[in-house]
Amino acid sequence: MKKILLIILFLGFILIPIFFVYAQETIKILLVPGHDDEVWGAQYGNMKEADMTLALATKIYNLLKKDEKFEVYITRSSEGYTKEFADYFADRQADVVSFKENAKKEMQSKVDNGSFIQKTNPPHNRVSEDMAIRLYGFNKWANENKMDAVIHIHFNDYPRPKKWTIGKYRGFVIYIPEGQMVNWMGSGQLAANIFIQLNKKYATSNYEKELGGLTPDQTLIALGSNGTLNAGARSVLVEYGYIYEKKFRTKNTREQTYKNMAQLTVTGVKKYFFKNGP
Ligand SMILES: [Zn+2]
C-alpha cells in the first residue's frame with residue numbers, strides 16, 4: 001500500500017511540472033476590435049469602423065484558434081461584448097476606475113520627479129470617459145489573465161472639412177509603446193513581425209506623423225499608457241488603412257482585403273512567437 005502511495009506521489013512530482021511547463025507554452029492572445037456598437041469610431045458612407053474592426057478581428061481570431069498553441073480571446077462578437085468582458089465590467093467597474101486613477105497618479109509623480117519624460121505623440125481623437133474605462137479594463141484583465149499579447153484592430157481617419165470626400169492619406173501603421181514603457185521591447189518586436197508581413201502586400205501610411213509605419217506612442221491606453229500593462233503583455237495597435245481607401249469600398253474587395261490582412265497578421269504573430277513561423 002505504502003509503495004503505491006509512493007509511486008503516485010513520485011509520478012505526481014514528475015507529471016505536475018511537465019503539465020505546468022506544457023500549459024505555460026500556450027500563447028495567450030487578446031484581440032480588441034476597436035470601438036463598439038455605441039461609439040463606432042470612424043465612418044465613411046455607411047461603413048462604420050466598429051463593424052470593420054469586428055469583421056477583421058473575427059477572421060484573425062478564427063485563424064489563431066485553429067492552432068492549439070494559442071489561447072485566443074476577443075472582447076466583442078456580433079452580439080456585443082463577449083461574456084468574459086460583459087461580466088468583468090459588470091462586476092469590476094469600481095476596481096477598474098481605481099486602477100485607472102492610481103495609474104495616472106503614479107505616472108504624474110514619475111513625470112514630476114523626472115523619471116518619465118513626456119514626448120510629443122501623434123494626435124489622436126480623445127476617447128470618451130466610458131471608452132477610457134473599457135480600455136483600462138482590458139489592460140487590467142490582460143495583466144490578471146497573463147496575456148502574452150494584446151492586438152488592437154483599427155481603421156484610420158483624420159479630421160477634414162467634408163467627411164464624404166476621399167482623404168489624402170492612405171496606408172497602414174502600427175502603433176507601439178514608446179521606449180520608456182515596460183512592455184516596449186516585446187511589443188516592438190511583435191509589431192515588426194506583423195509589419196514585415198503586412199508590408200508584403202500593403203503600403204505604409206503616407207501621413208507625415210506615421211511615416212515608416214511603426215510609430216511609438218506614450219498616450220494610447222491600448223498600448224499601456226500610465227504603466228497599465230505589465231512587461232510581459234506585449235501590445236500593438238494596428239491601423240490597417242484609411243477607412244475611405246478603395247479596397248474597403250465594395251463588399252467583395254473589402255472581404256478579400258480582410259482575409260489577406262488577417263492571414264498576414266497571423267503569420268507575423270506566429271513568426272514572432274515561434275521564430276520559424278507557420
Ligand atoms: Zn479606431
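Trainee: In this predicted model, at what angle do the axes of helix 3 and helix 4 cross?

Mentor: Helix 3 covers residues 83–112 and helix 4 covers residues 129–144. Their axes come within 9 Å of each other. The crossing angle is roughly 95 degrees.

Trainee: Are helix 3 and helix 4 roughly parallel or roughly perpendicular to each other?

Mentor: Angles of 65 to 115 degrees count as roughly perpendicular. The axes cross at roughly 95 degrees. Helix 3 and helix 4 are therefore roughly perpendicular.

Trainee: Which residues of helix 4 meet helix 3?

Mentor: From helix 3 the contact takes in Y88, F89, V96, V97, F99 and K100. By class, the contact between the two helices has eight nonpolar, one polar and two charged residues. On the helix 4 side the residues are I133, Y136, G137, K140 and W141.

Trainee: Is N156 buried or exposed?

Mentor: N156 lies in strand 7. A residue counts as buried if 20 or more other C-beta atoms lie within 10 Å of its own. N156 has 24 such atoms, so its class is buried.

Trainee: Which residues is N156 in contact with, leaving aside neighbours within four places in sequence?

Mentor: E245 is 89 residues from N156 in sequence, yet the two C-alpha atoms are 9.9 Å apart. Contact is judged on C-beta atoms within 7 Å. By that rule the partners of N156 are E239, G241, Y242 and I243.

Trainee: How far apart in space are Y158 and K271?

Mentor: In sequence, Y158 and K271 are 113 residues apart. From C-alpha to C-alpha the distance is 32 Å.

Trainee: How far apart are the end C-alpha atoms of residues 29–270?

Mentor: UniProt lists residues 29–270 as "domain: MurNAc-LAA", in an unreviewed entry. The span is 42% helix and 18% strand. Its end C-alpha atoms lie 12 Å apart.

Trainee: What is the radius of gyration of the chain?

Mentor: The chain has six helices and 10 strands. For 278 residues the globule rule gives 19 Å, and the chain's value is close to that, so the chain is as compact as a globular protein of that length. The radius of gyration is 20 Å.

How values were computed:
Residues are numbered from 1 along each chain as its sequence is written. This is a predicted model: local features need pLDDT of at least 70, side-chain atom pairs count only at pLDDT 80 or more; totals for chains, interfaces and linings use all residues. Helices (H or I, at least four residues) and strands (E, at least two) are DSSP runs, numbered from the N terminus. The radius of gyration is taken over C-alpha atoms; the globule rule is 2.2 Å times the number of residues to the power 0.38. Axes are lines fitted to C-alpha atoms, for helices over the stretch in contact, and angles run from 0 to 180 degrees between N-to-C directions. Angles under 35 degrees count as roughly parallel, over 145 as roughly antiparallel, 65 to 115 as roughly perpendicular and the rest as oblique. Two residues are in contact if their C-beta atoms, placed from the backbone, lie within 7 Å. Ala, Val, Leu, Ile, Met, Phe, Trp, Tyr, Cys and Pro count as nonpolar, Asp, Glu, Lys and Arg as charged, and the others, Gly among them, as polar. UniProt positions are given in the numbering used here, feature names are shortened, and annotations may be inferred rather than shown by experiment. A residue is buried if 20 or more other C-beta atoms lie within 10 Å of its own, exposed if 12 or fewer, and partly exposed in between; C-beta atoms are placed from the backbone.
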